[in-house]
Amino acid sequence: MTKFHALQFLSLIIMLILAWLLPKKWQLNFVAGFTMVLLAWFSFTSLLLLSISSLLVFYGSHSGKNNKILVPLLIGYCSIQYLLISGLQLHGDKSWQALSVLGLAYYTCRNIHYIIECFAGRIVPDALAFWHFQFYWPVMITGPIHRYQNFCRQCQRRRWNNKDASLAINRIIMGYAKIVILANYFIADKLSSLIYKVFSQDSIQDTFLSSFALQFFTSANDWIYLYLQFSGWSDIALSFSLLMGIKLEENFNKPYLASNLVDFWQRWHMTLSNWCRDYVFMPILAFSRQPFLAISIAMLAMGLWHEVSIYYILWGFYHAIGIAICRIFQRQ
């Protein structure tokens with residue numbers, strides 16, 4: 001665990017204790033304010049960008065409910081901000097690469113979700129609830145991409161529950177065990193060393209089979225590591241939120257037990273998959289009536305969400321082709 005993650009864990013504990021010491025009507029205000037203070041401490045740029053985005057999205061969405069031009073402008077602003085900052089961080093000079101912007105990919109998706117739901121008339125303006133939604137520390141760094149309507153319902157119903165608290169604490173322990181023991185110690189350290197040692201011996205390293213096996217097992221090892229890390233942090237975020245009395249959307253559902261690629265994306269990073277389905281795939285499908293075009297653009301959006309690079313653009317099309325092939329076989 002890095003120093004940043006240790007501080008993040010400590011901050012979540014402090015937030016939780018102080019919030020429950022306050023009267024209930026002030027608790028979510030405290031969490032949002034506490035989040036703003038932490039963002040200013042860790043990365044003032046993050047606080048500035050999120051604050052500007054939040055103001056534009058909230059007032060723009062509600063003032064432009066009947067304005068068909070303002071909606072795409074707001075979505076374009078959020079998308080360009082993400083692509084520009086992420087691209088400069090990856091491909092820019094050292095000053096941009098050193099820039100830390102926390103939670104950018106997550107709140108970009110939240111903003112677009114909010115804009116579209118407002119335009120569809122499914123959200124009633126409430127500046128205080130939107131502030132709580134945007135500045136919610138448990139999910140700021142690692143997600144999930146929670147939905148506004150569910151978040152508001154959970155906030156209205158929230159209360160301390162001993163059973164939920166027990167489950168949450170157990171899940172936090174399991175989450176850190178996934179990250180520290182399984183991912184960092186066994187997978188990244190021990191298993192990686194063993195794979196390299198076995199397939200890099202002088203007697204076999206020049207054969208095509210050994211080279212392929214090294215790449216295959218290294219890739220499999222990396223995917224297991226990624227799952228343990230990501231699902232572990234999701235466990236922690238969801239559990240701390242549950243300790244606040246707020247039950248958010250799950251992110252993983254045993255993805256490596258999936259029967260095909262379509263099933264995999266219904267189990268892996270589900271809040272992102274569902275976001276792409278609702279706000280990219282379905283609108284494009286309704287407009288074009290071209291399923292492959294819709295899935296291609298949805299997977300492209302998912303790839304760019306991970307990283308603004310040629311690699312992830314190709315990654316998106318690769319998965320789109322795989323999903324299309326799966327659908328063909330499913331219809332037979």
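Both α1 and α10 put at least two residues each into the lining of the second largest cavity, where helices are DSSP runs of H or I with at least four residues, numbered from the N terminus. This is a predicted model, in which local features need pLDDT of at least 70 and side-chain atom pairs count only at pLDDT 80 or more, while totals for chains, interfaces and linings use all residues. Residues are numbered from 1 along each chain as its sequence is written, and side-chain values use heavy atoms, with hydrogens and water left out.

Back to that cavity. A cavity here is a set of points on a 1 Å grid over the protein atoms alone where a 1.4 Å probe fits but cannot get out, and lining residues have an atom within 4 Å of a point. Around it sit Gln 8, Leu 12, Pro 138, Thr 142, Trp 233, Ile 236 and Ala 237. α10 gives the most, three residues.

Now for the open spaces. A pocket is an open set of grid points with protein on both sides within 12 Å along at least five of seven lines. The largest pocket comes to about 1100 Å³. It has 31 lining residues, and Ala 105, Tyr 106, Trp 305, His 306 and Glu 307 lie nearest its centre. At least two lining residues each come from α1 (3-21), α4 (70-91), α6 (104-119), α10 (208-243), α13 (291-306) and α14 (310-331). As with the second largest cavity, α10 has the largest share here, with eight residues.

The second largest pocket has a volume of about 500 Å³. Of its 19 lining residues, Val 262, Phe 281, Ile 295, Ile 323 and Arg 327 lie nearest the centre. α11 (261-265), α12 (270-288), α13 and α14 supply at least two residues each, and the largest share, six residues, is from α13.

Here is how the linings split by class, counting Ala, Val, Leu, Ile, Met, Phe, Trp, Tyr, Cys and Pro as nonpolar, Asp, Glu, Lys and Arg as charged, and the others, Gly among them, as polar.

| Lining | Nonpolar | Polar | Charged |
|---|---|---|---|
| Largest pocket | 21 residues | eight residues | two residues |
| Second largest cavity | five residues | two residues | no residues |

How values were computed: Points joined across faces, edges and corners; volume = space filled by probe spheres on them.
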